[in-house]
Amino acid sequence: MALTRDQIAMRVAQEFQDGNYVNLGIGIPTLAANYVPDGISVMLQSENGLLGMGRYPTEDEIDADMINAGKETVTAITGASIFSSAESFAMIRGGHVDFTVLGAFEVDVNGNIASWMIPGKLIKGMGGAMDLVAGAKNIIVTMTHADKHGNSKLLQECTLPLTGVNCITRIITDLAVLEVKDGAFYLRERAPGVSVDEIKEKTAGKLVVAGEVPEMVFA
Amino acid sequence: MSGFDKVVSSFEAAMEGLEDNMTVIAGGFGLCGIPEGSIAQIKKMGTKGLTIVSNNCGVDGFGLGILLEDKQIKKMISSYVGENALFEQQLLNGELEVELTPQGTLAEKMRAGGAGIPAFYTATGYGTPVSEGKEVKEFNGRPYILEESITGDFAIVKAWKADRYGNCIYRHTAQNFNPMAATAGKITVVEVEEIVEPGTLDPAHIHTPGIYVDRVIQGTFEKRIERRVTAK
């Protein structure tokens, strides 16, 4: 069975280690904050200038001066810090953020990512995505393996305008966990009940399957 | 010390000297920490042909979005502009030009502009449409693109508190682009929730030293919330 959005987020959260600073993009990546394993503390970075992002506020706590990068009202955890946009992107670009998790339209075997622009549709802008993929130590892409027409999003070469080049090392889809290296996707884990053949069929770029591929384990 | 008193008593005085075709750098992220009164004054003045440098362009009917209503903006330099229908319409009509700039690069362009650095190399955007026409140089085996800094004829900034000398502090995430914008204007206008006497703010806690600030004006703020989300 393909994973749900929450299950993808759950699998993403397994990547985090105690003490990591993490930037989560909008959508599935944001859900990962709900599944950080017990005994692990991560601090969430929001690129509008908040390190130590907390939960959403109660009605009483709502403060127009306290928002996240998605422009949603938010709170700060104890021990948070708040700073300017230049400082925020200094820590991103400077490689101080341990993990960035973001969505994508396409990823290719050379670690290129396209996530911000579909020619012919209205272009809203890249926001902080280009800075994030250029700067983070580890970037995880979360997306469905194929689009709703069944076309693979894991390609030999991206077709859409890029967000960054040679930067993606790990992809977590509804079907699999893959590593990107040496010009190929390496299949590391399967979603429970999903066959290697199905993953092969839905992966357009070069896929390496070495030995037995374990199923993902959810606690 | 009256030569350091930056306080002006009206938005007319605060925005005096703004002319058609100028570049205005505006602080704010979405609708958070935006200089509401300065924007309203620009609308009132009817200044046209403006280049606005700001992370976003407000929403329909609020924030920088109100400057679209009378077509006062010629060009927007922003990282994300998807929040208003009027923007989309003017962009598709060719009435408005947009230069999409990665958010961190935009912040650094302002910072560098205010710091007297004309350009800088960054890996952000290399190999993407952003790098088209820009110089590429390798450092330690990695390619970087050359980005030019930005300064403005005016910078409009929203701070929480400022003293009469223009020393400012910001509140929570309403800080965002405001400190960089403050450094990058030939004339920097700061509108604040509260003007205090010099000595009230701890000197070590000042976010924007008064040297960057030309005019301080007492504002009133609606502080509209773009996405009100509460805990379940």
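A salt bridge, as I use the term here, is a side-chain nitrogen of Lys or Arg within 4 Å of a carboxyl oxygen of Asp or Glu. Glu189(A) and Arg11(A) make one, with their closest N and O atoms 2.8 Å apart. Before going on: this is a predicted model.

Stay with that pair for a moment. Glu189(A) sits in strand E12, residues 184–190 of chain A. Arg11(A) sits in helix H1, residues 5–13 of chain A. Buried or exposed? Both Glu189(A) and Arg11(A) are buried. Over all chains, the rule counts 30 salt bridges.

Now the interface. Chain A puts 43 residues in contact with 49 residues of chain B. Together the two chains bury about 3800 Å². Carbon and sulfur atoms account for 62% of that.

On to polar pairs. Between chain A and chain B there are 25 residue pairs in polar contact, both residues at pLDDT 80 or more. Two helices of chain A, H3 (85–93) and H4 (129–135), each bring at least two residues to the side that touches chain B. H3(A) gives the largest share of that side, 4 residues. By residue class, the side of chain A that touches chain B has 21 nonpolar, 13 polar and 9 charged residues.

The rule also finds 5 salt bridges across this interface. Asp65(A) is one to look at. Its side chain meets that of Arg171(B) in a salt bridge, 2.7 Å from N to O. The side chain of Asp65(A) also meets Lys223(B), at 2.6 Å, N to O. Where do Lys223(B) and Asp65(A) lie? Lys223(B) is in the segment after strand E11 (215–218) of chain B. Asp65(A) is in the loop between strand E3 (50–53) and strand E4 (76–82) of chain A, so the pair joins two chains.

How accessible are these two? Asp65(A) has a relative accessible area of 2%. The cut-off for buried is under 20%, so Asp65(A) is buried. Lys223(B) comes out at 22% relative accessibility, so it counts as partly exposed.

Next, a salt bridge inside chain B. Arg227(B) pairs with Glu83(B), the closest N and O atoms being 3.3 Å apart. Arg227(B) is in the segment after E11 of chain B. Glu83(B) is in the loop between strand E3 (73–78) and helix H3 (85–92) of chain B, 144 residues away from its partner. At 33% relative accessibility, Arg227(B) is partly exposed.

Some salt bridges share partners. Which residues do they join? Asp63(A), Asp65(A), Lys158(B), Arg171(B), Glu193(B) and Lys223(B) form one network.

Last topic: the nonpolar cores. The largest has 47 residues. Phe16(A), Val107(A), Ile113(A), Val141(A), Ile168(A), Ile171(A) and Phe185(A) touch the most other members. Take Phe16(A). Setting aside neighbours within four places in sequence, its contacts are Val22(A), Leu24(A), Ala32(A), Val36(A), Ile40(A), Val42(A), Phe99(A) and Val101(A). There is also a second, separate core of 28 residues. Among its members are Ala86(A), Phe29(B), Met110(B) and Val192(B).

Definitions and conventions:
Residues numbered from 1 in each chain as written. Chains lettered and ligands numbered in written order. Predicted model: local features only at pLDDT ≥ 70, side-chain atom pairs only at ≥ 80, totals over all residues. Heavy atoms only, no water. Contact = heavy atoms within 4.5 Å. Buried area = accessible area lost by both parts, 1.4 Å probe. Polar contact = N/O pair within 3.5 Å; in protein donor to acceptor, adjacent residues only side chain to side chain. Nonpolar A, V, L, I, M, F, W, Y, C, P; charged D, E, K, R; others polar. Core = buried A, V, L, I, M, F, W, Y, C linked by side-chain atoms within 4.5 Å. Buried < 20%, exposed > 50% of the residue type's maximum accessible area, 1.4 Å probe, protein only.
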